[in-house]
Amino acid sequence: MALDQSFLAGLRCAYASLRPRTGPDFVSALRQAFDSLPGCSGSDLARLGAALSSWRSRTIAEVNKRIKDIPPDDPLYCSISLFATLGYSRLETAHTRALAWLLDPKAEHGFGDALLRRLLVACQQGRNIEGLHVDVVKPERPIEGRRLDVFACGAAEVDGKMTPFVLVIEGKIDAEVGERQLLDYAQWVQENHGDREAILVFLTADGRASEEEDGKWHALSFADLVMILRDGMEELREMQGYHYLRYYLAGVLRDVCRWPIPLDKDKVNPHLLLEYLAKVKRPEKSA
Amino acid sequence: MNSLGQSLVFYLRHSDEMNRLYWHPRVQDRSPDLTGLEGDQAELVEMLKAVGDAASRESARFLSDWGSRIEQYLGTIARNERVRTKGPPKDWGIRFRIWTRDGASNRFDVGLYVHSALAQAIGWIYCRKGLEAEVETLDALGRGPDAPWRPSSEVNEDQGVVLFARVDLLPKTTSELDHDRDPLVAKAAAPILSWTERQIVALTTLSRRR
């Protein structure tokens, strides 16, 4: 049966209306719209530039004032990177295994729960943890064909109340997060430890948030981690694991954060360096 | 002249500050900490976002120009496919996967990224991990006194990565904000435009060697 000509014409017309119009007019209009997206005028840029330059100068002055407080055995001056000696300077499993060991109160370092406590406080907006009971800290905990880089659970006393918690750290240095990886981990925690407060940490070189999760993960950069572990490190000086921690932090700063370690203060971001220096306990002045 | 973009030049000139006040808050999905910065805070936040967003677009346009140029050339001697990345980093780096034309599955990656702290566009090639792979890649590309190929250690890249271009993106005078994009794209693309099909074959072979 022959199709009606008017039907075919109508079909052609309807089909044409479905296709996006991408002729030269459209492209040039798109380019025009793109170019008119909000930017800043020359005078705005000059004003912003002046504000940033003046902030930088003040930061550098403060760094120069504080840098003399750094003890000679600080990780900033340490030329040994824990994993570079093995050729594993950016190997994720090496880093997360070492981190699990450092966070484990029962490990041989002698720090007790000091480092785990600092990490928990940092991830919970500085809530003061009065007491801490830790059941387990494990690296590479297998779950349904995958592994949690660091897994810990226990209970923390906050405001006089013991709150059971579960801590999961997923670390990425060079690799991208796997498809649904963080969503699946969060779901596993919910299904298996739903009665505990979940503290989920996504640890990356630049502290980026994952695109594929629903806001349950706390984004942390390795530089943030260094700041957390470095804070009050002086109190751990007499402990067995002190130099291990020094080499670990020096390695993270050098190999993951790309700081010039041993420190070349003129080549490091002064704002980050000042943040680090704020963690250094100043020596008490003698009377 | 096609401009590199005033916002991108500004960003590169103040990268420590822009990374701290724009980039990190953006990728961490939080507000910038403006402590220590003088001026109207609301206005500063608005300007930082406008400049950062515009710089990201200008960086993406620079990389896309480079991508078009190398894609066109590589299409004559190899199979290539752009590897898409997600999120904010997509504006600051571009990557292609390369195979030989005979349908073999061995491949290697090349890319270009804008390194804000160095204010440079850095071209790289990666066949497989390790220092040994770097040496083999350098050999496959042909060493010479003027060869642009450099090992990863020059910019603290990961082992296995070989650099083929480091192009300064800032204009010579510190007050200038306008910079011609086209010669920068050409400079970053030039090393790839000299590759032969034979070199492509040699490079893809490296990816499977252990």
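Q: About how much space lies in the second largest cavity?
A: This is a predicted model in which local features need pLDDT of at least 70, side-chain atom pairs count only at pLDDT 80 or more, and totals for chains, interfaces and linings use all residues; pLDDT is the predictor's confidence in each residue, from 0 to 100, and side-chain values use heavy atoms, without hydrogens and water. Residues are numbered from 1 along each chain as its sequence is written, while chains are lettered from A and ligands numbered from 1 in the order in which they are written. The structure holds 2 cavities of 30 Å³ or more, a cavity being a set of points, on a 1 Å grid over the protein atoms alone, where a 1.4 Å probe fits but cannot get out. With grid points joined across faces, edges and corners, and the volume taken as the space filled by probe spheres set on the points, the second largest cavity comes to about 40 Å³.

Q: How many residues in the lining of the second largest cavity are charged?
A: Lining residues are those with an atom within 4 Å of a point, and here they are A:Arg66, A:Asp69, A:Ile70, A:Leu277, A:Val280 and A:Arg282. Ala, Val, Leu, Ile, Met, Phe, Trp, Tyr, Cys and Pro count as nonpolar, Asp, Glu, Lys and Arg as charged, and the others, Gly among them, as polar. On that scheme the lining of the second largest cavity divides into 3 nonpolar residues and no polar ones, and its charged residues number 3.

Q: Which element gives the largest share of the lining of the largest cavity?
A: The largest cavity, with about 50 Å³ of space, is lined by A:Leu120, A:Gln124, A:Arg127, A:Ala156, A:Val158, A:Thr163, A:Pro164, A:Phe165, A:Glu197 and A:Ile199. By class, this lining has 6 nonpolar, 2 polar and 2 charged residues. At least two lining residues come from each of β2 (146-158), β3 (161-172) and β4 (197-204) of chain A, where strands (E, at least two residues) and helices (H or I, at least four) are DSSP runs numbered from the N terminus. The largest share, 3 residues, belongs to β3(A).

Q: How many aromatic pairs does the structure hold over all chains?
A: Rings of Phe, Tyr and Trp (its six-membered ring) pair if their centres lie within 6.5 Å, with planes under 30 degrees apart counted as stacked, over 60 as edge-to-face and the rest as tilted. Over all chains, the number of such pairs is 11.

Q: How far apart in sequence are the parts that A:Phe83 and A:Tyr248 tie together?
A: These rings form an edge-to-face pair, 6.3 Å centre to centre and with 85 degrees between the planes. Because A:Phe83 lies in the loop between α3 (42-66) and α4 (92-103) of chain A and A:Tyr248 in helix α8 (residues 242-256) of chain A, the pair ties together parts that are separated in sequence by 165 residues.

Q: Is A:Tyr248 buried or exposed?
A: Buried means under 20% relative accessible area and exposed over 50%, with partly exposed in between (1.4 Å probe, protein chains only). A:Phe83, at 9% relative accessibility, counts as buried. For A:Tyr248 the relative accessible area is 1%, and therefore this residue is buried.

Q: Which residues do ring pairs link into a cluster in chain B?
A: One pair, B:Trp66 with B:Phe96, is tilted, at 6.4 Å centre to centre and 50 degrees between the planes, and both residues are buried. B:Trp66 lies in helix α3 (residues 41-77) of chain B and B:Phe96 in strand β2 (residues 93-99) of chain B, so the pair ties together parts that are 30 residues apart in sequence. The cluster linked by ring pairs comprises B:Trp66, B:Phe96, B:Phe108, B:Phe164 and B:Trp195.

Q: Which element of chain B has the highest mean pLDDT?
A: Chain B averages a pLDDT of 88, and 94% of the residues score at least 70. Among its elements, strand β5 (residues 150-151) of chain B has the lowest mean, 72, whereas the highest, 96, belongs to helix α5 (residues 181-189) of chain B.

Key:
1 Å grid on protein atoms, 1.4 Å probe; cavity = no way out; pocket = protein on both sides within 12 Å on 5 of 7 lines; lining within 4 Å.
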